[in-house]
Amino acid sequence: MRKLQINGVCMNRDIHNVIAREYERRQKQSASLVSQRKAQLYADIPRLYEIDSQISHMGLRYNRLILGAGGSSPALIEELDGHLKSLSAEKQAILEANNISPDFFSPRFECEKCRDTGYITGPSGSQKCSCYKQQVINHLFALSNVSLNGDECFENFNEALYPEEIDAEKYGLSISPRENMLSIKKICLDFTENIDNPECKNLFFSGRTGVGKTFLSLCIARELLNRGRTVLYLTAPILFDIITEHKMRAYKEENYNDDKYQSIFTVELLIIDDLGTETLSDSRYAELLNILNTRQAKNSKTACKTIISTNLGPKKLFDLYTERITSRIMGHFDRLVLAGQDIRSLKG
């Protein structure tokens, strides 16, 4: 089967090999850092090296005696046990005297949940960690996903960029754009806190270009990424191009498996930016409706939220899309209208 490539990374099965190598790299790096810390500590405090060597040697003797002597040498075993406890106590005293934390020798993991293995073992067995799922998405959408780095975060939200004046005719609001944005920010923060709640609605941002729709979407995305949740950001044209490509290849190739297409329906947060800029057609209306319906159904069991942003007003949205789509948006989304001046021109 021919494999699609993005930035030289093979898709489908090969991508999991890439991720497996990444976890192997992380574990080797973690072990190497532990060895370096030990070597430095042993150089500074040689007695610690002597203690650890003796503990290791006695531990082996202790195990051999238990396995080989069949319990016929209790006095010797008790003596070894006493030596081990004495050495451990001495080591602990040295560490405390030098203000060295007990976890100094513990490896540091990029993901503490899975300890950089990619899998978490629970009551129902082993399953992929959220960091593994996000790596799949990062590779599949290398050109369009959200990274953990960037300026779009709630800490950089600046309400002073929005006018304080109340002008219903100019802004279409009964309150000032600043007060409106502070209210919207709170809704966005609540959304991140309640993403697992099936009753928490999706978000629909509307407003003209430059008022902060994409910025807020990415603030939410980054906050959730920092919490280990899976996020996918796509512009509407790219979203529908992916769907079109999937359909063409699935038609031509038997047993075609497309992880990036499936992620559209399963990722914990899907962001569809610039809705209305895609090429409009009846088939795309049906595709969007399928995405919204499928994700809404999944959301009743597990986090499967959607954020949509558009420059279109309610009337234009209703004119361009079918009533079924607009009713889904109105019923399952909090519609948030952003207003103000073009922030990019203010910053520039």
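Is Glu 152 buried, exposed or partly exposed? In this predicted model, Glu 152 is partly exposed, with a relative accessible area of 25%, where buried means under 20% relative accessible area, exposed over 50% and partly exposed in between (1.4 Å probe, protein chains only). Because the model is predicted, local features need pLDDT of at least 70 and side-chain atom pairs count only at pLDDT 80 or more, whereas totals for chains, interfaces and linings use all residues. Residues are numbered from 1 along each chain as its sequence is written, and side-chain values use heavy atoms, with hydrogens and water left out.

The structure holds 17 salt bridges, a salt bridge being a side-chain nitrogen of Lys or Arg within 4 Å of a carboxyl oxygen of Asp or Glu. One of them joins the side chains of Glu 152 and Arg 222, at 2.9 Å from N to O. This pair links distant parts of the chain, with Arg 222 in helix α7 and Glu 152 in the loop between α4 (130-140) and α5, 70 residues apart; helices (H or I, at least four residues) and strands (E, at least two) are DSSP runs, numbered from the N terminus. Arg 222 counts as buried, at 6% relative accessibility. In a further salt bridge, the closest N and O atoms of Arg 178 and Glu 164 are 3.5 Å apart.

Helix α6 (residues 177-193) has 17 residues and reaches 24 Å from its first C-alpha to its last, close to the 24 Å expected at 1.5 Å a residue, the expected span being 1.5 Å times one less than the number of residues. Among the buried residues of α6 are Pro 177, Ile 184 and Phe 191. Seen down the axis of α6, the buried residues fall within an arc of 115°, so they line one face of the helix; the arc is that of the directions from the helix axis to the C-beta atoms. The face turned away from this buried side carries the exposed residues Lys 186 and Glu 193.

Strand β8 is included in what covers the buried residues of α6, and Lys 305 has its place in this strand (residues 305-310). Lys 305 is buried yet has no salt bridge, and the nearest side chain of opposite charge, that of Asp 196, is 7.0 Å away.

Technical notes. Lys and Arg count as positive and Asp and Glu as negative; His and the chain ends are not counted. Contact means heavy atoms within 4.5 Å.
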